[in-house]
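Hello,

Here is the model I promised to send over. Have a look at it first, and my notes follow below.

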Amino acid sequence: MMHFPTRRAVLGAASAITLLAMTACGNVSGGSSDSSKYPNGPVNLTVGQAPGGSTDLIARAISEGAAKTLGAPMPVVNKPGANGALASKEVAGKPADGQNLLLINASLITITPLAVTQDEAVNIDDYDVISGLSQDDYVLVASEKSGFKSIKDVTSAGRNVTYGTTGVGTGSQLAQTVLFKQANVKGTDVPFDSGKPALTAVLGNQVELATIQLGEAMPQIQAGKVAPLLVFSEERNSFLPDTPTAKESGYDVPVAQYRAIAAPKGTPQEVKDKLLSAIQDTLKSDAYKEFNKKNMLTPKEISGEEVVTQWKDYAAKYKALVEKYDISLAGNK
Amino acid sequence: MDFLNPVINGFAVVLEPMNLLYCLIGVVIGMLIGVLPGLGPAATIAILLPLTYNVEPVTAIIMLAGIFYGAQYGGTITSVLLRLPGEASSVVTVFDGYQMAKQGRAGTALGLASIGSFIGGTASIIGLTFLAPIVASFALDFGPAEYTALALLGILLVATISSGSKTKALIAAALGLLLATVGRDIFTGENRFTFGSLELADGIDFVPIAMGIFGLGEIMYNLEERHRAAKAPSAVANVWPSRGDLKQASGAIGRGSVLGFFLGILPGGGATIASMASYAMEKKRAKQPERFGKGAPEGVAGPETANNAAATSSFIPLLTLGIPANATMALMFGALLIQGVTPGPQLVEQDPGLFWGVVNSMYIGNILLLIMSLPLVGIFVKILRVRAAILAPITALITLLGAYTINNSMFDVTLVVVFGIVGYLMKKFGFEPGPLVLAFVLGSLLESSLRRALLVFGGDPLGFFGRPISATLLIVFVLVAALPGIRSALAKRKATVPARTAATEIKEKV
């Protein structure tokens, strides 16, 4: 409940004011662009998704920790729209002073460009990636009525199989369409708005399969209402150790959602260093580790450079896969 | 007792101090805007939506629900005392309520209305408590096909039942359906009507539309009307109705509860229609119909009971099926979505705390209203004297500020202004905004469910009739659609003979 200013907010505001006062004094000798004075007021962390989703929750967990080390408040600003492209484009256009950060989803760089027009696609080169955060795995689940207990059951079914996806241009759609092509199974792609309705459709036997994020599927998997067939990560997921990967089952379709923190291109090195150490402090904290566990996120705390190379590799790989199997993510145009 | 456990836990949710406080705030705001003519519950909820953003979902909905049923109470007060219906649902109360006040029985009228409202509201909550789990037990059977049929039926009922011109309601609904198609096609990723704007890629958000059409549009429209200075209200004495009055009104209260309950569930129904239907029913049933319009207690008790019962029961389709029955419920739908809660058949099971918390808060809210409504009459009358020139700019400012805060987007503010103008023009030319907003909400549900269902059926439209729930709903749809045609055909055949008698009858009624 946040309707009255919490103590943290008051403290934050107070420290912001002190900081402002301090920087005002500092300006006599330095300059307003002096990066040693960073942070100069609140650091906005923009999220391209609505509050309450996993991306938003991660942003809030990071901001809570990083604000302490930075000594400045780090409000999370939700700006949903166009899969996150809206927020990404806005942050890319902000001054590169580290006051405006972005929590970015890999799918926006690696998968969405396959489904949208060139000018809507977001380019990772417009950002300085500060740090990678975590990996959110996709799991393929089957409905009770379908009778599928393993991926073999699906491939040997010898009939058309309906599968729900979390929408056009998502990892869920890419993973399943490629899998079906590689396994040579005929399937009907039924897009839903997000993971929850797709899962509900599997529970109600409206579709036979769906690929959703593990955190969302886990309660129903544990309850035995849906059967996990495989995970699309390169290695088995520690929260679901008995479920094979797509790779083990002989399919080359490594898909997961990765998240990272980025700043506009050209942010001074000093600022980036400060941000990185603040984020790393958070990543090391017990509270954040607990958060990851609770949301079934696998830490993937790699450097910004590694994030860029890996994401670009995935983007190239997906592009090749889609071309090889002649798949159009934009569906039945 | 398994069934009752979550119900009882719901009371624990309501009795949390913060929820109680918000319930109180909700009903007080509700009563207040019920008193103010013009600003209705839909507008108020639209304006206050962003304020609920940082509050827990249960708390937010408890407050918004309080505004809704609180407004039904408030509207009565001005109807009776000043002959100024604060709400459309209290218009019929004016006929007999004001007459009773003139005869020095204002207290009795208000007392009857309060008791009736309380009973009607409570009866509906009990109905909701028992009906919701039944609907929810079908939850997982509701797939794309069922939602298609449900959305179709909802849009049809909204357009045919709504008060006012049917043609205009259909036009407004068509506009709503058109607006619902804006944005990226979720099946092909193709952009529709976005004109290259990334802001429109996800379609138009429901909240700016509601805030514009209901909030800003209403405010602008009200500015046109010069407010009559509030007269001194009739003195209120002796609020507790006599045994004779109660006896006279008890039948009306009973019938009003049942009638209101069922009209509230119907898409397109709601408090206004329920109050009118109840008044008509009481007049028809009365042994001396000529007493109506001259201070008949049933004429106050019936409609006031019915409008409160309907206000409460209209939560049933929203909370159990995710289908809003009227414009205010469409706003509740928006409020839940902002909170990350998708109303639907799964709600009772997945979020029992929220569901039963909201339902049970209505008991508390109704008791609060019963206690507070009469002592506060004097204050409300004073508020009526605040000039629109002061009130309107303040509410407009709150609306625009609120619109910005939801997505931190100036684009949303522009949308609110645009839809404010649309809403104003619609009111001015006699178009009900309700069908537009409801068709907008149901439109995207209809489209995506229909296409999803056809994908699942492999393109065979007969699949809809292969599933029991969707088949039944579609048959009802056909019946409702064909009914007016059949009725007018029958009427034509009859009309040739007794045309003359019918004409005189109408004359008498006027």
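A word on terms before the tour: helices (H or I, at least four residues) and strands (E, at least two) are DSSP runs, numbered from the N terminus. This is a predicted model, in which local features need pLDDT of at least 70 and side-chain atom pairs count only at pLDDT 80 or more, while totals for chains, interfaces and linings use all residues. Residues are numbered from 1 along each chain as its sequence is written, and chains are lettered from A and ligands numbered from 1 in the order in which they are written.

**Chain A**

Chain A has eleven helices and ten strands. Of its 333 residues, 49% are buried (20 or more other C-beta atoms within 10 Å of a residue's own; exposed is 12 or fewer, partly exposed is in between, and C-beta atoms are placed from the backbone). Two residues are in contact if their C-beta atoms, again placed from the backbone, lie within 7 Å. Among the contacts in chain A with a separation of 6 or more, 77% are between residues 24 or more positions apart.

Strand 3 of chain A (residues 100-105) is mostly covered, with six of its six residues buried. Both of its faces are covered: N100(A), L102(A) and I104(A) lie on one side, and L101(A), L103(A) and N105(A) on the other. For pairing, DSSP has to find at least two bridges between two strands. Strand 3 of chain A pairs with strand 1 of chain A (residues 44-47) in the parallel sense over four bridges, and there T46(A) has L102(A) as its bridge partner. Strand 3 of chain A is also joined by four bridges to strand 9 of chain A (residues 256-264), and these two run antiparallel. In that pairing L102(A) stands opposite A262(A).

Strand 7 of chain A (residues 209-213) has five of its five residues buried, so it is largely enclosed by the rest of the structure. Strand 7 of chain A pairs with strand 4 of chain A (residues 127-142) in the antiparallel sense over five bridges, with L140(A) partnered by T211(A). Strand 5 of chain A (residues 161-165) pairs with strand 7 of chain A in the parallel sense over two bridges, and G164(A) stands opposite A210(A).

**Chain B: helix pairs**

Two packed helices are described by the angle between their axes and the distance between the axes. The axes are lines fitted to C-alpha atoms, for helices over the stretch in contact, and angles run from 0 to 180 degrees between N-to-C directions.

In chain B, the axes of helix 4 (residues 57-82) and helix 5 (residues 91-102) come within 6 Å and cross at roughly 55°. These two helices of chain B are therefore oblique to each other (under 35 degrees counts as roughly parallel, over 145 as roughly antiparallel, 65 to 115 as roughly perpendicular and the rest as oblique). Their crossing is right-handed, that is, the near helix is turned clockwise from the far one by less than a right angle. Helix 4 of chain B contributes T76(B), S79(B), V80(B) and L81(B) to the contact, and helix 5 of chain B contributes T93(B), V94(B), G97(B), Y98(B) and A101(B).

Helix 6 of chain B (residues 106-136) and helix 12 of chain B (residues 297-313) have axes that come within 7 Å and cross at roughly 30°, which makes them roughly parallel.

**Chain B: two buried residues**

G256(B) sits in helix 10 of chain B (residues 243-265). G256(B) counts as buried because it has 34 C-beta neighbours inside 10 Å. Leaving aside neighbours within four places in sequence, its contacts include G116(B), G120(B), S278(B) and A301(B).

A46(B) is in helix 3 of chain B (residues 41-48) and counts as buried, with 34 C-beta neighbours inside 10 Å. Not counting residues up to four places away in sequence, A46(B) touches A210(B), M211(B), F214(B), G215(B) and L331(B).

**Where the chains meet**

Between the chains, 27 residues of chain B are in contact with 36 residues of chain A. The largest share of the chain B side, three residues, comes from helix 20 of chain B (residues 433-456).

Best wishes
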